[in-house]
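Student: Could you help me learn to read a structure, one feature at a time?
Tutor: Gladly! Let's look at it together.

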Amino acid sequence: MMWRLEAVDADLAARLGAADPAAQRRMAGAAARAAAAFTGLADPAPMAALHALDNGQVDDAVHTAAAAHAAHLTGCYWDAHDAWADADDEVSAPRPPDTDLDRSCAAQAVAEAVRADPRAAALEAVYFAAIAVGGLAALNGLIRSQRDP
């Protein structure tokens, strides 16, 4: 399986994939927290997922709840985007702000961070967090600091 991050930065994906599971979990959590903070994401579902991550309570139920919330935010963004794209003017259907998409990506980063598999959590959380914060450059130092604390 090819991870999305591999298409964006194969070297970073290889480094994340080669890290030990504890470091992968830390990197996933740090990326997700950075994305949430950057976008102002403070909704209950992702915050509960981050709390579970802090307490080592990562499981499928936590991931499922966080992923459902991320899917909801993503759906809301794309519904508004489609209405804007189909509208004849921006008064009846204004273009949704990019911040809405960023928040949905931050929520997805949180959902990915609480996946049961730490390698998958790191690769996917970093990918979505990078979208939320505007690129991998904003996360590189943070990721390095979590690899070898």
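Student: Which side chain makes a polar contact with the side chain of Glu-112?
Tutor: A polar contact is a pair of N or O atoms within 3.5 Å; within protein, one must be able to donate a hydrogen and the other to accept it, and residues adjacent in sequence count only if both atoms are side-chain atoms. Here the partner of Glu-112 is the side chain of Gln-108, at 2.7 Å. This is a predicted model: local features need pLDDT of at least 70, side-chain atom pairs count only at pLDDT 80 or more, and totals for chains, interfaces and linings use all residues. Residues are numbered from 1 along each chain as its sequence is written, and side-chain values use heavy atoms, with hydrogens and water left out.

Student: Is Glu-112 buried or exposed?
Tutor: Buried means under 20% relative accessible area, exposed over 50%, partly exposed in between (1.4 Å probe, protein chains only). With a relative accessible area of 4%, Glu-112 is buried.

Student: Which residues does Glu-112 touch?
Tutor: Contact means heavy atoms within 4.5 Å. Leaving aside residues up to four places away in sequence, Glu-112 touches His-63, Ala-121, Glu-124, Ala-125 and Phe-128. Take Glu-124: 12 residues separate it from Glu-112 in sequence, yet their C-alpha atoms are 5.8 Å apart.

Student: What span should helix α7 have?
Tutor: The expected span is 1.5 Å times one less than the number of residues. For the 16 residues of α7 (residues 118-133) that gives 22 Å, and the end C-alpha atoms are 22 Å apart, which agrees. At the N-terminal end, Asp-117 caps α7, with a side-chain oxygen 3.2 Å from the backbone nitrogen of Arg-119.

Student: Why is α7 described as largely enclosed?
Tutor: Because 14 of its 16 residues are buried.

Student: At what angle do α3 and α7 pack?
Tutor: Axes are lines fitted to C-alpha atoms, for helices over the stretch in contact, and angles run from 0 to 180 degrees between N-to-C directions. Helix α3 (residues 21-39) and α7 pack at about 20°, with axes 8 Å apart. Angles under 35 degrees count as roughly parallel, and α3 and α7 are therefore roughly parallel to each other.

Methods. Helices (H or I, at least four residues) and strands (E, at least two) are DSSP runs, numbered from the N terminus. Angles under 35 degrees count as roughly parallel, over 145 as roughly antiparallel, 65 to 115 as roughly perpendicular and the rest as oblique.
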